[in-house]
Amino acid sequence: MANPVDNSIHGSLQERQEPRRNSTALFGQSATGNPLPESFTGGRTQNDAILLDESDTGLKVARVEHQVDLIKQKVPVAKSDEHAIRFADLGFQSSSDSNAWLEIELQNHQSGLIVDAHMMSLRTSTAWP
Amino acid sequence: MTSFDNKVPKYSSTIKGHHVLRNNSSYFDSIISHSDWADIATGFKMRLQTSLAEFSNSHGELIDQAATISSKAHSLAHSSLTKSVAWITGFIQFIDDYYCELSKAKFGAEKAWHVTTRLAKRVLDEVGTPRHGVQNSFRVGDSSQICQQIFWAVLRSHDVMTSFSSLSFKNHPSIATELV
C-alpha cells in the first residue's frame with residue numbers, strides 16, 4: 001500500500017519539474033496550471049492580450065514587435081546596456097559604431113581633441129621640471 | 001600618444017608593472033611622501049592644479065579653432081575636457097580626504113600615505129585598463145585607424161572615470177576590494 005504522504009510529496013515534485021500548461025496561452029499571462037487571476041491585467045486590459053493559438057500570425061507578430069518598439073523607446077539604449085558607451089549619452093555598442101561616428105563628425109582624424117584624465121595628466125606633466 | 005604606454009601616469013610613477021614595496025612606502029615612486037604631494041610651494045598637487053588650469057584654457061582654445069563650433073565633435077571635445085578636469089579635481093580631493101581620514105584614525109604619516117597611494121594607484125589602474133595595450137594595435141601611417149583606436153579607448157576610459165566619480169571614488173567596489 002502506497003504511503004499517501006510519499007505520494008503527495010512525489011506529486012508536488014513532479015508538478016515542480018513538469019508544470020501543467022494550458023492549451024491556450026495568453027501573451028502577458030501565466031502559461032502554467034495556476035493562471036493569473038482575472039483581476040490581474042498586467043498593466044493593460046484583457047482585450048489587449050494576444051491569443052497565441054489563433055490565426056493571423058503575421059498580425060500578432062506585428063503587434064508584438066510594435067510593443068517591443070514602444071518599450072525600446074521608453075528605455076534609452078545607453079542607460080540600459082552595460083556594454084554601451086555612456087559618456088555623453090553616445091550609446092555606442094561597439095568600436096564600429098564609434099568609427100562610423102568619427103567618419104561623419106571628425107573627418108580630420110583629430111582624436112587628440114577628445115581627452116581623458118590620462119591624456120590630461122601627461123600633457124600637464126610636460127611643463128614640470 | 002605616449003599616454004598609452006603606462007596605466008599609471010608617469011608623473012606619479014615611473015615603474016611599469018608590479019613591484020614589491022615595504023609596508024610604509026609610497027605606491028607613487030615620484031611622490032614619496034605626503035609633503036611631496038601637498039607642499040604649498042613645491043607640492044605635486046599644486047603644480048598639477050596649476051598645469052590643469054593652464055591646459056584647460058589652451059586646449060579649450062585649440063578645440064574652438066580645430067572643430068566647427070556647435071558641431072557634435074566640438075561639443076564632445078569640450079565635454080571630455082570639462083569632465084576630465086572635474087575628474088582629476090575629484091581625484092585630488094579623494095587623495096586629500098582619504099589621507100586626512102587615515103591620519104585622524106591614528107595612522108602614521110608614512111602608513112597613511114602608503115594606503116592612500118595604494119588606493120589612488122588602483123583608481124588610475126582601473127581608468128588606464130581600457131587604454132592599456134591599445135598602442136600595440138596602431139597601424140603605422142594609418143591615421144584613420146589610429147584615431148579610431150584612440151577614440152574608442154578614450155570613450156571607455158571616460159565610462160570608468162564616471163563610475164568612480166559617481167561613487168565619490170571611495171565608494172567604488174574596486175576600492176573596497178583593494179582594502180581587503
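**Note on the predicted model: chain A overall, chain B helices**

1. Start with chain A. Of its contacts with a separation of 6 or more, 12% come from residues 24 or more positions apart. This is a predicted model.

2. Chain A has five helices and zero strands. Read from the N terminus, its elements run α-α-α-α-α. The chain holds 129 residues, and 22% of them count as buried.

3. Now chain B, helix 2. This helix covers residues 44–66, 23 residues in total. From first C-alpha to last it reaches 31 Å, close to the 33 Å expected at 1.5 Å a residue.

4. Which residues of helix 2 of chain B are buried? They are Phe44(B), Lys45(B), Leu48(B), Ser51(B), Leu52(B), Phe55(B), His59(B), Gly60(B) and Ile63(B). An α-helix has 3.6 residues a turn, so residues three or four places apart point the same way.

5. Next, a helix pair in chain B. Helix 3 spans residues 72–104 and helix 5 spans residues 143–165. Their axes come within 11 Å and cross at roughly 40°. Helix 3 of chain B is therefore oblique to helix 5 of chain B. The crossing is left-handed.

6. Which residues make the contact between these two helices? Helix 3 of chain B supplies Leu76(B), Ser80(B), Lys83(B), Ser84(B) and Trp87(B). Helix 5 of chain B supplies Phe151(B), His158(B), Met161(B), Phe164(B) and Ser165(B). By class, the contact has five nonpolar, four polar and one charged residues.

Notes: Residues are numbered from 1 along each chain as its sequence is written. Chains are lettered from A and ligands numbered from 1 in the order in which they are written. This is a predicted model: local features need pLDDT of at least 70, side-chain atom pairs count only at pLDDT 80 or more; totals for chains, interfaces and linings use all residues. Side-chain values use heavy atoms; hydrogens and water are left out. Axes are lines fitted to C-alpha atoms, for helices over the stretch in contact, and angles run from 0 to 180 degrees between N-to-C directions. Helices (H or I, at least four residues) and strands (E, at least two) are DSSP runs, numbered from the N terminus. Angles under 35 degrees count as roughly parallel, over 145 as roughly antiparallel, 65 to 115 as roughly perpendicular and the rest as oblique. A crossing is left-handed if the near helix is turned anticlockwise from the far one by less than a right angle, and right-handed if clockwise. Contact means heavy atoms within 4.5 Å. Ala, Val, Leu, Ile, Met, Phe, Trp, Tyr, Cys and Pro count as nonpolar, Asp, Glu, Lys and Arg as charged, and the others, Gly among them, as polar. The expected span of a helix is 1.5 Å times one less than its number of residues. Buried means under 20% relative accessible area, exposed over 50%, partly exposed in between (1.4 Å probe, protein chains only).
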